[in-house]
Amino acid sequence: MTLQQLEYIVALDNERHYVTAADKCHVSQPNLTMQIRKLEDELGVQLFNRDVKPLEPTEIGAIIISKARQVLRESHSIKEYVSSDRSSVKGEFQIGIIPTLAPYLLPLFLPEFTKLHPETKLLIREMQTSDIINALDNGKLDLGLLVTPLQERSIREIPLFYEPFLLFLPLNHSLQKLTSITTKDLNAQEMLVLEEGHCFREQALAICKDRRSKIKEGFEFQSGSIEALKGLVRKGMGYTMVPELSVLEDLDQANIRRFDSPEPVREVSIAVHNSFTKESLADGIRNSILNAIPDRFKKVEHFMRVEWR
């Protein structure tokens with residue numbers, strides 16, 4: 001068994017096609033096929049089911065490929081650790097970011113980061129939290145930007161800031177009349193939330209002390225967009241909670257109400273695998289983000305961090 005063979009089975013799992021996997025590995029397709037067959041013969045198991053299209057790993061093959069990813073990650077981390085350029089931020093890196101952060105955080109910090117690091121290319125994808133965790137574990141991502149704590153033993157979290165939750169209300173809603181608002185005033189039956197799978201949904205319902213949300217009006221709406229929920233609120237179809245970054249430039253300030261202290265907040269962090277060694281990349285992204293966000297996100301004195309997992 002060789003590292004090269006492990007790279008081949010991982011590439012084939014990623015691409016699910018021999019020719020494209022061989023192209024990714026910069027070898028001929030017959031050579032890649034032969035090496036994978038040799039590995040299967042050595043292990044005495046079939047790693048891929050070739051009778052389906054696209055091909056897919058067998059049950060035992062999926063387990064072995066997962067372990068191969070771990071071995072390759074550790075191998076690459078050793079090379080990075082001893083390389084002379086480990087303190088630089090050169091190269092191409094895979095970044096995952098959750099959808100409720102991407103449209104608001106990326107425009108804030110990317111202009112500075114790309115200017116300071118012209119030799120760095122960030123390949124950024126919007127992904128849900130569970131997918132980011134899996135991709136970090138499998139070596140498909142270098143770094144994630146998401147909400148913590150994750151309580152994952154394989155993941156290291158680097159907290160960045162604490163972003164308050166705000167109420168987004170119709171102008172004529174009864175909560176607008178209150179002189180102060182606490183989480184006890186919320187009713188999950190009136191709350192518009194994101195569709196299942198979004199961590200922001202779980203955080204909002206956790207603040208309500210309720211894992212259910214059902215609008216009394218004659219409709220049901222599943223959305224992955226905070227902006228879509230805000231549009232419904234403006235029409236009086238309920239209310240919602242929004243992260244403060246989403247309303248920094250919002251013209252509808254009359255719709256926004258803050259919670260009394262302690263404010264509910266979400267902890268936004270960088271997440272990397274425990275084997276991650278490219279600290280210069282994490283430091284560069286962290287510094288650009290901290291330079292871009294409001295100072296109050298860094299100095300929240302009285303807050304309630306929302307536990308959601």
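A salt bridge is a side-chain nitrogen of Lys or Arg within 4 Å of a carboxyl oxygen of Asp or Glu. The model used here is predicted.

**Exercise 1.** Decide why arginine 258 and glutamate 263 count as a salt bridge, and state how accessible each residue is.

*Solution.* 
Step 1. The N to O distance between the two side chains is 3.0 Å.
Step 2. The cut-off is within 4 Å, so the pair qualifies.
Step 3. Arginine 258 has a relative accessible area of 37%. That lies between 20% and 50%, so arginine 258 is partly exposed.
Step 4. Glutamate 263 has 13%. Buried means under 20%, so glutamate 263 is buried.
Step 5. Now widen the view. Glu244, Arg258, Glu263 and Arg296 are linked in a network of salt bridges.

**Exercise 2.** Find which parts of the chain the salt bridge between glutamate 163 and arginine 266 ties together.

*Solution.* 
Step 1. The closest N and O atoms of glutamate 163 and arginine 266 are 2.8 Å apart.
Step 2. Glutamate 163 lies in strand S6 (residues 155-168), and arginine 266 lies in strand S10 (residues 263-273).
Step 3. The pair therefore ties together parts that are 103 residues apart in sequence.
Step 4. Both residues are buried.

Note on methods. Residues numbered from 1 in each chain as written. Predicted model: local features only at pLDDT ≥ 70, side-chain atom pairs only at ≥ 80, totals over all residues. Heavy atoms only, no water. Helix = DSSP H or I, 4+ residues; strand = E, 2+ residues; numbered from the N terminus. Buried < 20%, exposed > 50% of the residue type's maximum accessible area, 1.4 Å probe, protein only.
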